Amino acid sequence: MAVSAAAATAEPESERARGLSAAFLLAYLVAATALVLLVHFGGIWNILANTRLLDVLGRGGIIAITDTDQGIVQGIPDPEYYLLATQPIDWELLLVAAGLFLLMWGAKAAEFHGLCRFVGLDGSAGQHARAWFYGHGVNRLVPYEAGQVAKAEVLEGQGADPVRAAQAVHLSSLMMILQIGVLALYGVFAVGFGTWFAQLFWAFVILGVAYLMTRPERKEARASRRQALRAAAGALQVLVQRPLTFLRLLLFGTLSILLIDAAAYAISQAFSNTTVIMNVEGDNMLMAVIAGYIARLVQFTPGGLGQWEWGFAAALYVGGLGFPEAATIALLVTVFRYLVGGLVYAAVTLGYGVETNLRQVLARFSGTAGGGGRA
């Protein structure tokens, strides 16, 4: 009887693990496909030239720039690409962009600490910041917003009540939607309704597709998600009744998005000059950042990879920038965001440690996923 019971328990767990692995594989394939298509439609030679990778690959013997060079790939379609690829990069601006990313994550961590205290969780700013940074890093590695589970796991490991920990995490997501809404409302007046609608259209299409792909299959899972969101919405209503606290936390989150906007602008300018022209007006860059955030509000891929880049690039293109340049900026922002974020994630997990690990996070995530690994 004991053996039969163990086998009965192991069988659904094995099926759940296989379903989660298949769902994860699909998400990674979609992310990779989205990025490959972005490079394809942006023009691989344009992107290699604009990012200066063409010069690196040429000097590394991968691409033969001239007939006398040796390389795996022989020649380039147009000598102009080599001219673009040999232009200087403003490395000081890239350092500024890295600093802006760090400030952005600091603002988000401060907001999360305020939300944790609001729902009644004890703990220092450092403890809550660790939970946010760790969950943010997991979100970049694992699809279906598993990082949200990671944040709650760390908070619970610090002694937090599970219900309140989940409430803080969901409340953070609702605040993000509100902050995007505030900046999107500004965009209506900044660029005009027609341009605003056109720039955000594809972002909402991507969001809709991501929602359909992550919608729980089981009624119990859907009911659980609705219950959690209702609890967070109730907490948000209470938060609004404390205007000073609400405005302070809203400011932290809104500032973090504006810092991403400033970092993206700095990166575009670092790779721009009189030859490589990737200049973007401030309002159009902000609209592109908003579009990227909307496109990945529901993260089907790890960290919304591919979702964010397409939403961002499409908004820049509709705003008047050539698609090769729009795709280049989107990819550059992602590369530098992941590089800096990876260093922060490593510092948090290796330097300070967290009260959970990825295996525990995935085990809990698979237990709460609503069929096929959908959370």
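Reader: Why is Phe 246 called buried?

Author: The relative accessibility of Phe 246 is 11%, and buried means under 20% relative accessible area, exposed over 50% and partly exposed in between, with a 1.4 Å probe and protein chains only. Phe 246 therefore counts as buried. The model is predicted: local features need pLDDT of at least 70, side-chain atom pairs count only at pLDDT 80 or more, and totals for chains, interfaces and linings use all residues. Residues are numbered from 1 along each chain as its sequence is written, and side-chain values use heavy atoms, with hydrogens and water left out.

Reader: Where does Phe 246 lie, and what does Phe 246 touch?

Author: Phe 246 belongs to helix 11 (residues 243-270); helices (H or I, at least four residues) and strands (E, at least two) are DSSP runs numbered from the N terminus. Not counting residues up to four places away in sequence, Phe 246 is in contact (heavy atoms within 4.5 Å) with Met 175, Leu 178, Leu 236, Leu 239 and Val 240. The C-alpha atoms of Phe 246 and Leu 236 are 8.8 Å apart, at 10 residues apart in sequence.

Reader: What makes Thr 51 buried?

Author: Its relative accessible area is 12%, and Thr 51 is therefore buried by the cut-off already given. Thr 51 sits in the loop between helix 2 (44-50) and helix 3 (53-59). Leaving aside neighbours within four places in sequence, Thr 51 has contacts with Phe 271, Thr 328 and Leu 332.

Reader: Why are helix 5 and helix 6 called oblique to each other?

Author: The axes of helix 5 (residues 91-118) and helix 6 (residues 125-141) come within 8 Å and cross at roughly 120 degrees. Axes are lines fitted to C-alpha atoms, for helices over the stretch in contact, and angles run from 0 to 180 degrees between N-to-C directions. Angles under 35 degrees count as roughly parallel, over 145 as roughly antiparallel, 65 to 115 as roughly perpendicular and the rest as oblique. Helix 5 and helix 6 are therefore oblique to each other.

Reader: Which residues make the contact of helix 5 with helix 6?

Author: Among them are Trp 105, Phe 112 and Arg 117 of helix 5 and Ala 125, Trp 132 and His 136 of helix 6.

Reader: How much of the protein chain counts as buried?

Author: Of its 375 residues, 48% count as buried. The secondary structure of the protein chain comprises 15 helices and 2 strands.
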